Amino acid sequence: MTDGVAFIDGEYVSPDEAKVSIFDIGFSRGDAVYDTVSAWKGYFFRLDDHVARFLRSCAGARLTCPHPPEEVKRILATCVHRAGLEDAYVQMIVTRGRFPSGGPRDPRLCQNRFVGFALPYIWIISPERQETGIDLALVENRRTPTEAIDPRIKNFNWMDLQRGLFEALDRGADTAVLLTPAGYLSEGPGFNLFLVREGVILTPRTNVLEGITRATVFDLAREAGVPVQEADLRPDALRSADEAFLSSTAGGIMPVTRVDGEPLGTGRPGPLTMRLRRLYWDKREAGWRGTAVKDLLV
């Protein structure tokens with residue numbers, strides 16, 4: 001197993017060799033979209049859904065992926081295979097590229113570039129921390145308005161999320177959840193938020209990424225016979241919830257046990273949260289909704 005493999009400019013290279021020009025406005029202006037899919041025990045999870053969302057993000061940002069969907073899947077699988085990984089964090093990116101030399105600074109004239117890579121699986125919250133539960137901070141910094149940046153387009157404009165994360169870490173919390181400009185619960189850096197109240201699962205309705213793991217929670221809840229709803233939720237709905245959890249490609253379903261330093265519910269991972277978490281990983285281990293990496297290789 002290696003530290004990972006990247007695909008850039010038509011070649012497979014080590015992560016240290018994967019470089020983007022400082023003149024690529026994906027770097028200088030954050031003008032890029034991406035998507036992250038995981039592989040577990042040699043199987044991608046919901047790969048078709050991730051690639052479809054990636055291409056929707058490209059279209060929403062007026063970017064063109066230079067590879068068709070099946071080729072994107074083959075490139076990602078080759079990165080995982082060459083890295084020798086069974087459990088992997090895999091990303092696909094399209095950057096705007098450079099302005100034409102000597103030409104107008106017209107983003108429509110840039111040649112868009114594709115980058116892919118596979119790294120050992122990344123946990124945004126460690127499994128050990130998940131066992132005791134996450135300390136979540138409701139931060140002052142607000143989410144970027146949807147009128148400015150559509151959150152359904154998965155992009156690298158993370159300034160709002162990064163400012164929120166700094167605030168949470170400075171307060172001693174594990175991570176942050178941001179509010180919408182109107183003061184409703186939104187999401188955090190790399191995850192969607194869920195809370196449980198009287199046996200019903202609730203999740204923010206607006207100003208959120210339509211996460212693939214978020215959609216998976218809906219699927220698992222229905223399978224378990226648990227009601228799940230989208231709603232406009234004020235911060236007190238989280239503080240007074242019976243349980244709460246986060247969902248992410250980089251960690252699955254992750255229990256929250258403290259909010260702003262105060263115990264949530266019993267102060268321990270909630271029973272419904274842990275039930276869904278076990279169901280998620282049991283099904284992942286069994287290859288549920290999986291695509292074998294080896295089946296995509298040429």
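A salt bridge here is a side-chain nitrogen of Lys or Arg within 4 Å of a carboxyl oxygen of Asp or Glu. Side chains of opposite charge can pair when their charged atoms come close.

A word on the source. This is a predicted model, where local features need pLDDT of at least 70 and side-chain atom pairs count only at pLDDT 80 or more, while totals for chains, interfaces and linings use all residues. Residues are numbered from 1 along each chain as its sequence is written, and side-chain values use heavy atoms, with hydrogens and water left out.

Some of the pairs, then. Glutamate 223 bridges to lysine 283, with the closest N and O atoms 3.4 Å apart. Glutamate 223 sits in helix H6 and lysine 283 in helix H8 (residues 271–285), so the pair ties together parts 60 residues apart in sequence. Helices (H or I, at least four residues) and strands (E, at least two) are DSSP runs, numbered from the N terminus. Lysine 283 is buried, at 17%. For those words, buried means under 20% relative accessible area, exposed over 50%, and partly exposed in between (1.4 Å probe, protein chains only).

Next pair. Arginine 239 forms a salt bridge with aspartate 260, closest N and O atoms 3.8 Å apart. Arginine 239 is in helix H7 (residues 235–239), and aspartate 260 is in the loop between strand S13 (252–259) and strand S14 (262–263), so this pair ties together parts 21 residues apart in sequence. Arginine 239 is partly exposed at 43%. Aspartate 260 is partly exposed at 29%.

Lysine 294 and aspartate 295 also meet through their side chains, 3.3 Å from N to O. Lysine 294 and aspartate 295 are exposed. There is a network too: salt bridges link Arg46, Asp49, Asp219, Arg222 and Arg289.

Back to H6. Helix H6 covers residues 212–223, 12 residues in all, and reaches 17 Å from first C-alpha to last. That is close to the expected 16 Å (1.5 Å times one less than the number of residues). Its buried residues include Ile212, Phe218 and Leu220. Just after H6, glycine 225 takes a positive phi of about 75°.

Now the cores. A nonpolar core is a set of buried Ala, Val, Leu, Ile, Met, Phe, Trp, Tyr and Cys residues joined through side-chain atoms within 4.5 Å. The largest has 29 residues, and Phe44 and Phe114 have the most contacts inside it. Elements that each supply at least two residues of this core include strand S1 (5–8), helix H2 (47–60) and helix H3 (69–83). H3 gives the largest share, seven residues. Apart from that core lies another, of 22 residues, among them Phe191, Leu233, Leu238 and Leu264.

Last, serine 248. Serine 248 is in strand S12 (residues 243–248). At 6% relative accessibility, serine 248 is buried. What does serine 248 contact, leaving aside neighbours within four places in sequence? Ile124, Gly190, Phe191, Thr213 and Met254, where contact means heavy atoms within 4.5 Å. The serine 248 side chain also reaches the backbone nitrogen of alanine 250 at 3.0 Å. Glycine 183 is 65 residues from serine 248 along the chain, with 23 Å between their C-alpha atoms.

Note on methods: Polar contact = N/O pair within 3.5 Å; in protein donor to acceptor, adjacent residues only side chain to side chain.
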